[in-house]
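Walk through this structure with the chain open beside you.

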Amino acid sequence: MRGRSYRRRSGLALLLTTALVPGLAQAQWQIDAERLIEADAETHNWLSHGRSYSEQRYSPLDAIDRDSVQRLGLAWYRDLGTRRGLEATPLVIDGVLYFTGTYSEVIAVDGRSGKILWRNDLDVDRTRAKFMCCDVVNRGLAAWSNKLFVGTMDGRLVALDPQNGRIIWDTLTIDLDRPYSITGAPRVVDGKVLIGNGGGEFGVRGYISAYDADTGEQLWRFYTVPGNPEEGFEAPILEKAAETWGDGPWWEIGGGGTVWDSMAYDPDLDLLYIGVGNGSPWNKHVRSPGGGDNLFLSSIIALDPDTGDYVWHYQTTPGDGWDYTATQHLILATLEIDGRPRDVIMQAPKNGFFYVLDRETGELLSAENYVPVSWAKGVDLQTGRPIETDNDYGEGPVYQFPSPMGGHNWQPMCYSPDTGYVYIPARQLAMIYRRDADFEYEPAFWNVGMDVMKDITVPPWMDADLVKKVGSAMAQGFLLAWDPVEQKAVWRANAGSPWNGGALCTGGDLVFDGTGRGDFRAIDAHSGDILWSFDAQQGIIGSPVTYAIDGEQYVSILVGWGGAFGLSFGFASNTVEEPSTQGRLLTFKLDAIGQLPPIRREQRVPEPPPRKASDATVDKGNTLYHQYCVYCHGPRAITHPNIADLRTMDADTHRDFLGIVLAGSQAEQGMPGFSDTLSRDEAVAIHAYLIELGHQELDRIRGEGSAWQQFKHALYSAAAWCVGLLVDFMEWFKNAGG
């Protein structure tokens with residue numbers, strides 16, 4: 001068995017040091033291997049992304065439990081001045097919270113009062129927001145020695161001084177000529193800072209890199225897919241992987257396989273585990289027309305953290321053609337299986353199956369679907385491969401569960417050793433997969449090879465309220481308690497929205513989560529009963545943490561709606577009707593009585609110029625809008641108020657429309673210019689489409705409360721009910737979840 005020998009530091013000694021010398025740890029704290037390995041002993045802290053190397057997101061703190069949780073109240077909140085998605089898990093180190101906001105900003109606040117100690121926007125290049133598929137988000141930090149580490153949206157890895165937020169070193173990790181980005185949290189193993197990247201939808205080649213924590217020097221890099229065979233291979237394992245890709249030409253677009261989120265580390269085996277993303281493009285017929293498994297797409301890979309050498313892999317979705325990434329949360333635990341303890345790694349990837357693997361060898365121990373699945377009947381435990389159904393969309397469309405949003409996405413699960421359950425932020429949502437017969441690679445834009453939005457448009461005559469009602473009826477979201485030994489569901493707590501936050505397990509037999517409906521909840525870990533909730537005023541996609549100061553337990557969560565579903569599919573997110581648009585950090589403790597201020601948001605009345613464009617120009621603008629703009633502003637320009645509502649543009653915005661869209665006059669606000677992609681005539685056509693939508697929205701506002709509008713709403717509700725029944729029927733018809 002591989003492993004390291006570390007001198008184990010006493011958890012009691014750490015607690016005594018912090019208690020006897022208050023403020024010392026804050027001024028000169030040191031995070032080293034022993035301290036990270038012993039993270040469970042520091043019950044008052046949250047030292048790494050998943051709290052410990054096991055990534056269980058379980059805290060033994062139990063002052064807030066099933067009996068006392070009713071006394072939980074808002075201790076303080078901190079407005080962060082952002083209107084975009086907040087996905088980070090804060091670190092908590094000796095009374096200070098360190099977390100990332102939008103555009104990769106790093107913030108430190110006092111854990112007792114919420115006072116901002118420092119913040120650093122890192123001077124990121126916001127124009128690269130156009131290379132981010134899923135909002136200008138960031139999932140968090142890593143700590144080692146006397147430094148904090150963050151990956152930025154413009155591809156840098158930055159080391160910061162935790163006392164003041166100043167940059168210590170700054171290293172570029174990507175080729176700026178390619179559409180890479182970083183949204184994931186780094187990890188640190190024995191002085192090596194590990195970071196991957198994103199960009200699979202745009203066309204990149206994935207990899208993970210290790211950097212020296214002291215200097216920022218690159219130590220090794222592991223590519224997750226092979227490059228152009230004519231240029232040779234960086235490692236022997238990639239030559240073998242290339243045999244599973246047919247004759248290409250995957251390398252022309254990049255192949256994908258980005259390591260954009262999950263990692264875990266086993267210090268006893270000295271193995272680093274990474275989750276690998278989708279292919280680029282999604283369409284396997286374009287990417288790899290010769291067929292094959294396309295290693296190491298949608299795989300869990302074990303690496304030697306010292307060298308980056310390959311050890312083993314398990315591929316959850318061979319030859320992935322559906323965006324079924326395996327970048328979702330990885331959890332290490334010891335389970336009793338077949339009468340003996342097994343050290344396992346667990347994952348609930350997008351494809352809908354829950355996997356339990358031996359973490360030393362990668363052997364598949366069990367796999368069952370945790371949500372409805374129609375692309376496969378099950379997983380063969382002898383071969384480890386899925387038993388696929390007739391799901392090939394090469395010759396025609398296929399209606400399939402799950403959708404590219406997955407049965408579970410990036411939002412972290414948690415595992416409670418007290419109950420033995422894994423708690424999964426899950427969803428049920430299908431999609432029609434259809435090949436784009438006219439696909440051509442377009443640098444800097446989505447290149448999925450399917451009719452995802454490019455050829456699926458929403459005409460302006462279709463009422464926005466109808467689109468929202470029907471869209472919301474097509475998806476479900478819930479927190480699922482899953483028994484990983486029995487491979488079965490125990491309970492599910494409906495979230496009212498398909499796009500929700502991560503989960504936190506505690507020693508108080510509670511699971512905390514946040515929902516797209518804006519509810520921050522405490523749930524009984526055994527029964528699934530919702531014991532307490534708090535109205536956060538807007539949808540939650542962040543992940544909660546808990547910590548203690550002077551023996552008093554706190555729970556904190558970032559609140560800010562956005563992310564992939566929140567932007568691209570806001571019309572179906574079923575979120576808060578009149579939300580706050582203020583991104584915040586909320587912190588709770590027992591017997592606190594704080595309150596959020598009332599929501600103050602003026603309704604914007606559209607000021608569209610007169611309709612002058614022809615129907616043909618409006619139709620052209622509709623197509624172009626859904627090709628280039630939909631991923632941030634939503635189908636039919638229906639989005640959350642956190643993003644500019646293009647239906648309610650004022651007169652000044654209409655006058656400067658071409659300057660914004662082509663010249664990039666609002667690039668610093670996250671709206672890059674598209675002069676290298678759109679012609680002036682195309683931008684004018686998009687504007688004509690939005691002018692039409694503006695008039696539609698103005699008519700809706702003027703008719704608000706009328707008998708006709710009330711009748712329409714009733715009719716739309718009935719239509720949504722019928723759509724919900726149809727989705728349920730299709731789930732049954734396709735034997736999903738059977």
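Which hand does the disulfide of Cys414 and Cys505 have, and why? The torsion about its S-S bond is about 70°, so the link is right-handed. Keep in mind that this is a predicted model.

Stay with that pair. The sulfurs of Cys414 and Cys505 are joined at an S to S distance of 2.2 Å. Cys414 sits in strand β28, residues 414-416, and Cys505 sits in strand β33, residues 503-506, so the bond ties together parts that are 91 residues apart in sequence. Both Cys414 and Cys505 are buried. A disulfide is a covalent bond between the sulfur atoms of two cysteines.

The structure holds 2 disulfides. The other link to look at joins Cys133 to Cys134, with 2.1 Å from S to S. The angle about the S-S bond of Cys133 and Cys134 is -90°, and this link is left-handed. Cys134 counts as partly exposed because its relative accessibility is 21%, and buried would require under 20%. Count the bonded cysteines along the chain and the pattern reads 1-2, 3-4.

Cys629 has 18% relative accessibility, so it counts as buried. Cys722 has 43% and therefore counts as partly exposed.

Now go to strand β4, residues 96-100. How many of its residues are buried? The count is 5 of the 5, so β4 is largely enclosed by the rest of the structure. In a regular strand the side chains alternate between the two faces of the sheet. Both faces of β4 are covered. On one side, Val96, Tyr98 and Thr100 are buried; on the other, Leu97 and Phe99 are buried too.

Follow β4 to its partners. Strand β3, residues 91-93, runs antiparallel to β4, and 3 bridges join the two. Leu91 stands opposite Tyr98 of β4. The hairpin of β3 and β4 has 2 residues between the strands, and Asp94 there takes a positive phi near 50°.

Strand β5, residues 106-110, also runs antiparallel to β4, with 5 bridges between them. Thr100 has Val106 of β5 as its bridge partner. The hairpin of β4 and β5 has 5 residues between the strands. In that hairpin, Tyr103 takes a positive phi near 55°.

Strands of a sheet pair through backbone hydrogen bonds, either parallel or antiparallel. Strand β35, residues 519-524, and β36 run antiparallel, joined by 5 bridges. Ala522 has Trp532 in β36 as its bridge partner. Strand β33 of this sheet is the one that holds Cys505.

Turn to the surface. Leu726, Phe729, Trp732 and Phe733 form a nonpolar patch there. Together these four have about 500 Å² of accessible area. Trp732 belongs to helix α13, residues 707-733. At 62% relative accessibility, Trp732 counts as exposed, because the cut-off for that class is over 50%.

Finish with the backbone. A cis peptide bond joins Ser280 and Pro281, with omega about 0°. Pro281 lies in the loop between β18 (279-280) and α5 (284-287). Another cis peptide bond joins Phe401 and Pro402, where omega is about -10°. Pro402 lies in the loop that runs between β27 (398-400) and β28.

Two aspartates in loops have positive phi. Asp190 has a value of about 50° although it is not a glycine. Its loop lies between β11 (187-189) and β12 (192-195). Asp270 has a phi near 55°, and its loop lies between β16 (263-266) and β17 (271-275). Is each of these residues buried or partly exposed? Asp190 counts as partly exposed because its relative accessibility is 30%. Asp270 has a relative accessible area of 5%, so it is buried.

Key
Residues are numbered from 1 along each chain as its sequence is written. This is a predicted model: local features need pLDDT of at least 70, side-chain atom pairs count only at pLDDT 80 or more; totals for chains, interfaces and linings use all residues. Side-chain values use heavy atoms; hydrogens and water are left out. A disulfide is a pair of cysteine sulfur atoms within 2.5 Å. Buried means under 20% relative accessible area, exposed over 50%, partly exposed in between (1.4 Å probe, protein chains only). Helices (H or I, at least four residues) and strands (E, at least two) are DSSP runs, numbered from the N terminus. Two strands pair if DSSP finds at least two bridges between them. Patches are made of residues with over 30% relative accessible area and no salt bridge: like charges are joined within 9 Å, nonpolar side chains (Val, Leu, Ile, Met, Phe, Trp, Tyr) within 5 Å. Accessible areas come from the Shrake-Rupley method with a 1.4 Å probe; for residues, only the protein chains shown count as cover. A salt bridge is a side-chain nitrogen of Lys or Arg within 4 Å of a carboxyl oxygen of Asp or Glu.
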